[in-house]
Amino acid sequence: MAHHDKLALQMDLPPQIPQPNVFPLSWHAKTQKMEEIWDAAQREFWDPKKLPWDTLDVESYSWEEREAIAYWWTLLSVFDASAPPVFASALIKTYEDHEEDPVRRCFFSVTRDEQNHEQMCGLAITKFLGHDDPLTYQPKTDLGKRLQKNAMWLYYNGGRYWNGYKNAVPKYSLAVLFSSFLMGEIAAATIFKQMHDNSRELVFKEAFRNIGRDEGRHMAICMALMERDYPRLAAEDKALVTKQIRAGYLFLSAVLFEPPEEFWDLPADFIKNQREGEEVARGAGFGIPTYEAKKENWRNAMLNLKGVLDRYGIPFPAIPEVGIEGQEVTEVDMDSIIPVF
Ligand SMILES: [Fe+2]
Ligand SMILES: [Fe+2]
């Protein structure tokens, strides 16, 4: 038996535990806003299974429409299915950092919400395709075939960032991490509102309302943390935030706008096929915003974020794609980003 097993025989009180150990034994709370957000998360919790699925008649859609709508959910799930492990890691970090009790709970609520969003993607895809895996599904139409190829490439690209993220989590402060979270949340809150307004199917309307509300809360969590930590943010962290915002823009554009070529490794006909699929889905009453509406939404989200960062003297990156001037950021790749949806 190693000698440290018998410390209790030699000492009255146990020695200090080397830090960080994974859990605090304290429940300190100073950010009141976090407590309010947690209470809202408890009140607003929803169950994807309990949506009015009985009002959905998939047979009323053509196969092309079904495959086009399932494609959009697949695109979303490339982001939302990675969110539970991503936020679960961030949750562990709040414990290692001995964060405030309400902050730990808020990150727990985000993990739980994102798991819900992932479930929703799975339910929609399974109902519309009659199959639970969009990559092994046998497409019934030519468009469906081309969209499946798109989905395979999206999945390949999305799968590349996990190792980078795992390395980033222990390296960066929570303050740097949630600057990239915030950008996904701002844009997501808007896009789901638009999807809600423009979708005809009741079950989707309800889902988008709930998801949009969740994303709004996630945004509020990031804002509350920024208010707490950014006034004292170190200069090198500020530079990192600028870089992460540019990376987040490139990454999240795939779902919120269109995937930029220099960052996403995609076939030449990808955009054409995606636009065609979106057109078919829109025609079937599924509220994907048009190219122009997406661009406007994404630009506004960036400007909102810029407004927040300006307050703390953090330079904003140039986003020429949506007409925003700023600091030039180069050398962004999948292995060095920590974006989240
Ligand atoms: Fe989400
Ligand atoms: Fe979120």
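A helix here is a DSSP run of H or I with at least four residues, and helices are numbered from the N terminus. By that rule, Lys127 lies in helix H5, which covers residues 101-129. The model is predicted. Its largest nonpolar core has 86 residues, and the largest share of this core, 13 residues, comes from helix H8.

**The nonpolar core**

- Trp72 and Ala187 are the residues with the most contacts inside the largest nonpolar core, which has 86 residues.
- Helix H8, residues 174-198, gives this core its largest share, namely 13 residues.
- Leaving aside residues up to four places away in sequence, Ala187 touches Leu252, Leu256, Asn297, Trp298 and Ala301.

**Helix H8 and helix H9**

- Helix H9 runs over residues 202-229, and H8 packs against H9 at an angle of about 150°.
- The axes of H8 and H9 are 7 Å apart.
- Angles over 145 degrees count as roughly antiparallel, so H8 is roughly antiparallel to H9.
- The crossing in which H8 passes H9 is left-handed.
- The contact of H8 with H9 includes 15 nonpolar residues, along with four polar and six charged ones.

**Helix H8 and helix H10**

- Helix H10 covers residues 235-256, and the axes of H8 and H10 come within 9 Å.
- The axes of H8 and H10 cross at roughly 30°.
- H8 passes H10 in a right-handed crossing.
- On the H8 side, the contact is made by Ala175, Val176, Ser179, Ser180, Met183, Gly184, Ala187 and Ile191.
- On the H10 side, the contact is made by Asp237, Leu240, Val241, Gln244, Ile245, Gly248, Leu252 and Leu256.
- By class, the residues of the contact of H8 with H10 are ten nonpolar, five polar and one charged.
- Ala187 of H8 takes part in this contact, as do Leu252 and Leu256 of H10; Leu252 and Leu256 are also among the residues that Ala187 touches.

**Helix H3 and helix H5**

- Helix H3 spans residues 63-80, and the axes of H3 and H5 come within 9 Å and cross at roughly 155°.
- H3 and H5 are therefore roughly antiparallel to each other, because angles over 145 degrees are counted that way.
- The crossing of H3 and H5 is left-handed.
- H3 contributes Arg66, Ile69, Ala70, Trp73, Thr74, Leu76, Ser77 and Asp80 to the contact.
- H5 contributes Glu114, His117, Glu118, Cys121, Ala124, Ile125, Phe128 and Leu129.
- Sorted by class, the contact of H3 with H5 has nine nonpolar, three polar and four charged residues.

- Lys127 touches Leu56 and Val58, if residues up to four places away in sequence are not counted.
- Lys127 and Arg213 are 86 residues apart along the chain, and their C-alpha atoms are separated by 24 Å.
- Val86 lies in helix H4.
- A residue is buried if 20 or more other C-beta atoms lie within 10 Å of its own; Val86 has 24 such atoms, so Val86 is buried.
- The C-alpha atoms of Val86 and Gln115 are separated by 11 Å, while the two residues are 29 residues apart along the chain.

- His98 sits in the loop between helix H4 (83-96) and H5.
- His98 is not a glycine, although its phi is positive, at about 50°.
- His98 counts as partly exposed because it has 17 C-beta neighbours inside 10 Å.
- Tyr161 is in the loop between helix H6 (142-158) and helix H7 (162-171).
- Tyr161 has 22 C-beta neighbours inside 10 Å and so counts as buried.
- Tyr161 and Phe251 are 90 residues apart in sequence, and their C-alpha atoms are 9.8 Å apart in space.

Notes: Residues numbered from 1 in each chain as written. Chains lettered and ligands numbered in written order. Predicted model: local features only at pLDDT ≥ 70, side-chain atom pairs only at ≥ 80, totals over all residues. Core = buried A, V, L, I, M, F, W, Y, C linked by C-beta atoms within 7 Å. Buried ≥ 20, exposed ≤ 12 C-beta atoms within 10 Å, placed from the backbone. Helix = DSSP H or I, 4+ residues; strand = E, 2+ residues; numbered from the N terminus. Contact = placed C-beta atoms within 7 Å. Axes fitted to C-alpha atoms, helices over the stretch in contact; angles between N-to-C directions. Parallel < 35°, antiparallel > 145°, perpendicular 65-115°, else oblique. Left-handed = near helix turned anticlockwise from the far one by under 90°. Nonpolar A, V, L, I, M, F, W, Y, C, P; charged D, E, K, R; others polar.
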